[in-house]
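Thanks for coming. I have a few minutes on one structure, so please look at it on the screen.

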Amino acid sequence: MKKRIYIAYTGGTIGMKNSGQGCVPVKGHLTESINGTPDFHRQEMPDFTINEYSPLIDSSNMTPQDWQRIADDIKANYDNYDGFVVLHGTDTMAYTSSALSFMFENLSKPVIVTGSQIPLSQLRSDGQVNLLNSLYIAANYPINEVGLYFNNKLYRGNRCIKAYADGFNAFDSPNMSPLLEAGINIKLLEGKLNVAVTQPFSVAQITPQPIGVVHLYPGISSELVANIIKQPVKALIIRSYGVGNAPQDEQLLACLTQAYHQGIVVVNCSQCIKGTVNMEGYATGVALSKCGVVGGGDMTLEATLTKLHYLLSKELPQAEICRLLKENLRGELTTH
């Protein structure tokens, strides 16, 4: 029996068509391009169904409501297919793959998010190889989690960042090796095949959450943070220096303490691409801990933000959210 894969085409460069005004999304163009490419219909390939979203979404316009729409689409088709491929624009692909990883509870089928830097119908497109491999891997290497496939590598979806704006190697996973590498041979690296799940699959509901992000820089004013926590925010991500350090500015620390007492969840993520937050290493980090700030470990900004959306949507108490942020829920965090 051939495996059956469901393709959710949400939008993005992969399905665009050249026009006088540059590349634009055109209804039906991607399906037509795939149907006209013999490699997608080889005997070795799985059967697949394409659902083109209407309207197609530019990934720069993605919102939590769109994450929910994609998750609900997969849930509605979950029992009828062996795996799923989500075609998506690259700009916010890492956010969507992270969000889906948290929303899918007890996932026992592969979900692969992919796309391209050049439209599939154009010469030299990376889209054909990315989609062919995603379909083949979903059918033959059932790594039952949300992955992001790009440029011959399948990454864990909540470990990715978009690292390069215009290269075929657009994505990276700084703190975790790829799940799988597709060279001449397909090599399983960190990925585990057919991990048994006994509980029924479900999709968590995510609602838009007011979350602030502050990137620290030399001379940052405490008033900037004070103004953010005056807004109706439920969480604040501090992008700190190095292993989680921040200026020992009394007014800044007072703002963070005030935020904590207001019930705002404050998370400390490093500006560094690689490495982990350790707030016990330096006095500046210890000072943040005393303000009620939670260390984000080696989570990416994308994983931290979407994990907060997931937890805040459950309307849990502040202390429970702080506890779960430090817990590895979907492989987003390295624990020792």
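Two notes before that. This is a predicted model, where local features need pLDDT of at least 70 and side-chain atom pairs count only at pLDDT 80 or more, while totals for chains, interfaces and linings use all residues. Residues are numbered from 1 along each chain as its sequence is written, and side-chain values use heavy atoms, with hydrogens and water left out.

First, the cores. A nonpolar core here is a set of buried Ala, Val, Leu, Ile, Met, Phe, Trp, Tyr and Cys residues joined through side-chain atoms within 4.5 Å; buried means under 20% relative accessible area with a 1.4 Å probe, protein chains only. The largest such core has 51 residues, and Phe104 and Leu308 have the most contacts inside it. What does Phe104 touch? Leaving out residues up to four places away in sequence, Phe104 touches Ala71, Ile74, Val111, Val146, Phe201, Ser202, Val203 and Arg330, with contact meaning heavy atoms within 4.5 Å. There is also a second, separate core of 27 residues, including Ile7 and Met45.

Next, helix H9, residues 318-325, where the buried residues are Ile321, Cys322, Leu324 and Leu325. They sit on the same side of H9 because they cover an arc of only 165 degrees around the axis, taken from the directions from the helix axis to the C-beta atoms. Helices are DSSP runs of H or I with at least four residues, strands runs of E with at least two, numbered from the N terminus. The buried residues of H9 pack against strand S17 (265-270), strand S18 (294-295) and helix H8 (301-313).

Last, the spaces. On a 1 Å grid over the protein atoms alone, a cavity is a set of points where a 1.4 Å probe fits but cannot get out, and a pocket is an open set with protein on both sides within 12 Å along at least five of seven lines; lining residues have an atom within 4 Å of a point. The largest pocket holds about 390 Å³ of space. Of its 19 lining residues, Leu107, Asn144, Glu145, Leu329 and Arg330 lie nearest the centre. The second largest pocket holds about 320 Å³, and its 16 lining residues include Thr276 and Gly295.

How many cavities of 30 Å³ or more are there? The structure holds one. The largest cavity has a volume of about 40 Å³, and among its lining residues are Ile112, Glu145 and Val146.

Conventions: Points joined across faces, edges and corners; volume = space filled by probe spheres on them. Buried < 20%, exposed > 50% of the residue type's maximum accessible area, 1.4 Å probe, protein only.
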